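Biologist: I am new to reading models like this one. Could you take me through some features, one at a time?

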Amino acid sequence: MPPEQAKRGEHSVIVVVSDRPDRSQPLVDAVRAVAECRVVGTEETWDRIGPLRGVIADITLSRPEAKRCLRLLTSRSARARTPLICLTRGGGQSGFTEARNLGATLCLSALAEPRMVVGSLVREVWPDKSVADLVVTRETQRAGTLMTNLFASAQTGAVDMSNVEQGVAPVLDAIHEGGLSRWLDEVWAHDDVTFQHCLLVSGVVAAFAQSLGLSAADRQLMTRAALVHDVGKSRIPHAILNKPGRLDDDERAVMQTHAPIGHEILSASGGCDAVTLAVTRHHHEMLDGSGYPDKLCASEIGDPVRLLTICDIYAALIERRPYKAPMSNRDALSILSGMEAKLEGGLVQAFGRAVQAVP
Ligand SMILES: [Fe+2]
Ligand SMILES: [Fe+2]
């Protein structure tokens with residue numbers, strides 16, 4: 001795990017103690033939408049579990065092993081009390097009292113909907129955050145992990161498109177749940193410039209596709225293409241890729257090879273759809289023929305490529321770099337509008353409406 005993700009994920013582990021993992025599964029799934037979640041049984045002694053943010057006990061509290069497990073937890077966290085939510089079955093007030101005596105900071109009925117339990121967990125553990133905030137953080141981490149693995153395998157070999165697929169839902173879910181602005185806030189925290197760019201473009205593409213009313217299948221297709229569109233950069237020397245400031249002509253020529261290289265990597269890997277292949281090779285083509293690598297003209301550039309190109313340029317304009325001041329949404333949109341010979345005007349206008357909420 002890259003240091004950035006380790007740094008952001010290590011204190012967000014929630015442990016679910018369960019004596020019936022099958023029964024607890026819906027709850028575990030709901031917790032995993034907002035945080036890393038580990039499931040343990042009542043035999044847990046807590047001495048091998050690292051830093052944790054909270055515990056949900058979905059167990060029959062009257063059993064001796066359940067009591068022992070929670071007492072061990074309480075003694076471990078005596079100095080810094082770990083939030084402990086106990087789900088109680090029957091017993092009414094006496095069940096709540098028993099749970100409180102075992103260190104529960106909150107008691108809920110085991111019949112409560114998992115989503116409601118997660119809402120209470122978030123208020124208990126992260127009082128300054130909302131469920132949506134945490135979902136977006138989690139999804140960004142998932143997509144970030146995917147980018148890391150994708151670039152690592154592309155550097156020397158093939159890309160497994162079924163792995164790429166796993167990165168699509170996190171982007172779409174996060175955009176749906178929290179909107180583009182919240183996604184951007186998370187992406188800025190990603191310290192690798194190339195990954196940040198790919199996550200940025202993916203979120204922008206997902207938001208644009210949603211605003212255009214594209215079907216779920218097409219939104220998925222476009223987001224997948226956006227995730228891998230710059231995969232060819234995995235084979236560009238770091239000194240050029242991460243150079244602070246402008247590239248010289250030779251460096252730019254090397255950098256421009258990332259589009260055909262990406263196409264080559266995906267073609268050789270197999271299992272890649274035609275839209276993703278076209279987007280990867282052609283996302284720097286311009287309608288007036290001034291782009292690269294094939295100097296295509298308007299009629300040769302399909303809609304998915306046109307759409308991604310607008311998102312790609314926009315992302316590059318608003319990107320945050322230590323050596324340049326960030327460009328506002330308004331200024332970035334006005335640059336896009338000024339590129340009328342190169343980009344499709346109607347699509348640029350629709351794009352402006354899609355990202356108007358971005359500050
Ligand atoms: Fe590119
Ligand atoms: Fe790009």
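**Burial, salt bridges, metal and cysteines**

Modeller: Let's begin with K243, which is partly exposed at a relative accessible area of 27%. Buried is under 20% relative accessible area, exposed is over 50%, and partly exposed is in between, using a 1.4 Å probe and protein chains only. Please keep in mind that this is a predicted model: local features need pLDDT of at least 70, side-chain atom pairs count only at pLDDT 80 or more, and totals for chains, interfaces and linings use all residues. Residues are numbered from 1 along each chain as its sequence is written, chains are lettered from A and ligands numbered from 1 in the order in which they are written, and side-chain values use heavy atoms, leaving out hydrogens and water.

Biologist: Which side chain does K243 meet in a salt bridge?

Modeller: A salt bridge here is a side-chain nitrogen of Lys or Arg within 4 Å of a carboxyl oxygen of Asp or Glu. K243 pairs with E251, at 2.8 Å from N to O. E251 is buried, with a relative accessible area of 18%, whereas K243 is partly exposed.

Biologist: How many salt bridges does the structure hold?

Modeller: The structure holds 15. Among them is the pair of K342 and D288, whose side chains meet at 3.2 Å, N to O. K342 sits in the loop between α15 (329–337) and α16 (345–354), and D288 in the loop between α13 and α14, so this pair ties together parts that are 54 residues apart in sequence. Those labels come from DSSP runs numbered from the N terminus: helices are H or I with at least four residues, strands are E with at least two. Both partners are partly exposed, K342 at 29% and D288 at 36%.

Biologist: Now the metal. Which residues coordinate the iron ion (ligand 1)?

Modeller: Donors are N, O and S atoms within 2.8 Å of the metal (3.2 Å for Na, K and Ca); water is not among the atoms, so sites may look incomplete. For the iron ion (ligand 1) they come from D230 (OD), H258 (NE2), H283 (NE2) and H284 (NE2), at 2.1 to 2.2 Å. Along the chain, their spacing reads D-x27-H-x24-H-H. H258 belongs to helix α12 (residues 258–269) and H283 to the loop between α13 (274–282) and α14 (303–318), so these two tie together parts that are 25 residues apart in sequence. H258 is buried, at 1%, and H283 is buried, also at 1%.

Biologist: What else does D230 do?

Modeller: D230 bridges the iron ion (ligand 1) and the iron ion (ligand 2), which lie 3.4 Å apart. D230 also forms a salt bridge with K233, with the closest N and O atoms 3.2 Å apart. D230 is buried at 0% relative accessibility, and K233 is buried too, at 13%.

Biologist: Last one: how many disulfides are there?

Modeller: A disulfide is a covalent bond between the sulfur atoms of two cysteines. In a model, look for a pair of cysteine sulfur atoms within 2.5 Å. By this rule the count is zero. C69 is in no disulfide, and the nearest cysteine sulfur, that of C86, is 9.9 Å away. C69 is buried, with a relative accessible area of 1%. C272 is in no disulfide either, the nearest cysteine sulfur being that of C198 at 14 Å. C272 is buried as well, at 17%.
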